[in-house]
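Keep the view open beside the text and look up each spot as it comes.

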Amino acid sequence: MPGNKLVQKIIWTMSLLKKISFSCKEATLIAIQREEYNTTFFKKLKLFIHMAYCAPCRLFVKQTKIISRAVINYQDVLFANPHHKLSAEAKETIQNKINNTI
Amino acid sequence: MPDPKQWLHNYGDYLYSIAVLKTNDKETAEDLVQETFLSAIKALPGFKGESNEKTWLTAILNNKIIDYYRKKDVLKNADSYLIETDQSFYGSFFEPDNSSSGHWTKTANPEPWNMSTDEALTRNDFYKMLDYCIGKMPAKLAPVFIAKYIDEDDSEKICKDFDISSSNYWVIIHRTKILMRKCLETNWFKK
């Protein structure tokens, strides 16, 4: 059956692609590095091939980008709403020290 | 002109929260905030108002925290730590490289999130969850994550501050991103 041959060819090509491309560990590392600097053409190609067939790694890249974006707001959020408050005693001590040092 | 008498009121809890996040120790954080204000008063004649007061005070605090990390050897022997924990760390997230082409393990496989990410960014308790997840990271790794993503330091400065090689820097960033994504998925986005 010609259809069978085509399927075999596709399977063969896929397994070859998997062999020359990255593992998920390598792919996620290279993807993170790509956010900061350019990498070699060969690595980019391997990454592209990996991402083409690996849905979990695509999800990983998308979600970690969301996290990076969220974390950038952290300092502003913290300034508006500090997560921890100095105790009244600590405040008194520090204020006195400031007043004595000026 | 900056008024040191107002600093505690304006920036005290903010600087304290940063110090608690970075040191995981409230007493240390209190001391660091106090030292920051006292150092800033001494440095005041040199403060030209090029950056704003808050940025300036935060930078002084961050320098003190770097000194604290050095004194506590937080990042000492990063190299051997990363080698020793390589198998146990990556083994819990990825299948071995030779089997099934090093795919994610079943339990670590990233899953679609069922909670809106845009909504998360507007909620204060989301940022408390970030605190929690940073607190759960290994003490040797968390400072690098904070320096890169919260302080937005560049990699050159981080490698210098923590005395780590560029390849170790990337391994730490890789590991902390894997940990942070997993922690937020479990505790926030899939809850």
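## A residue on chain A

With 13 C-beta neighbours inside 10 Å, A:Lys62 counts as partly exposed. The scale behind that word goes like this: a residue is buried if 20 or more other C-beta atoms lie within 10 Å of its own, exposed if 12 or fewer, and partly exposed in between, with C-beta atoms placed from the backbone. You'll find A:Lys62 in helix H4 of chain A, residues 55–72. Helices here are DSSP runs (H or I, at least four residues), strands are E runs of at least two, and both are numbered from the N terminus. Now hop to A:Leu6, which is 56 residues away along the chain: its C-alpha atom and that of A:Lys62 are separated by 33 Å.

## How to read this model

This is a predicted model, where local features need pLDDT of at least 70, side-chain atom pairs count only at pLDDT 80 or more, and totals for chains, interfaces and linings use all residues. Residues are numbered from 1 along each chain as its sequence is written, while chains are lettered from A and ligands numbered from 1 in the order in which they are written.

The model scores ipTM 0.88 and pTM 0.89. Chain B has a mean pLDDT (the predictor's confidence in each residue, from 0 to 100) of 92, and 98% of its residues reach 70 or more. Within chain B, H2(B) has the highest confidence, at 97, and H6(B) the lowest, at a mean of 81.

## The overall form of chain A

What is chain A built from? It has six helices and zero strands. Its radius of gyration (taken over C-alpha atoms) is 26 Å, well over the 13 Å that the globule rule gives for 102 residues, so chain A is more spread out than a compact globule. That rule is 2.2 Å times the number of residues to the power 0.38.

Along its principal axes, the C-alpha trace of chain A spans about 90 × 25 × 15 Å. Of its 102 residues, 22% count as buried.

## Where the chains meet

The contact between the two chains takes 41 residues from chain A and 47 residues from chain B; being in contact means that two residues have C-beta atoms, placed from the backbone, within 7 Å. On the chain B side, H1(B) gives the most, with eleven residues. Sorted by class, the side of chain B that touches chain A has 27 nonpolar, eleven polar and nine charged residues. Here Ala, Val, Leu, Ile, Met, Phe, Trp, Tyr, Cys and Pro count as nonpolar, Asp, Glu, Lys and Arg as charged, and the others, Gly among them, as polar.

## The nonpolar cores

A nonpolar core is a set of buried Ala, Val, Leu, Ile, Met, Phe, Trp, Tyr and Cys residues joined through C-beta atoms within 7 Å. The largest one holds 50 residues, and B:Leu15, B:Ala19, B:Val33, B:Val144 and B:Phe145 touch the most other members. H1(B) gives the most to this core, with ten residues. Another core, of eleven residues, lies apart from it, with A:Phe22, A:Ala31, A:Phe60 and B:Tyr90 among its members.

## Two loop residues in chain B

Most residues other than glycine have a negative phi. B:Asn24, in the loop between H1 and H2 of chain B, has a positive phi near 60 degrees. B:Asp73 has a positive phi too, of about 55 degrees, and is found in the loop between helix H3 (53–71) and helix H4 (78–84) of chain B. Buried or exposed: which is B:Asp73? It counts as exposed because it has 9 C-beta neighbours inside 10 Å.
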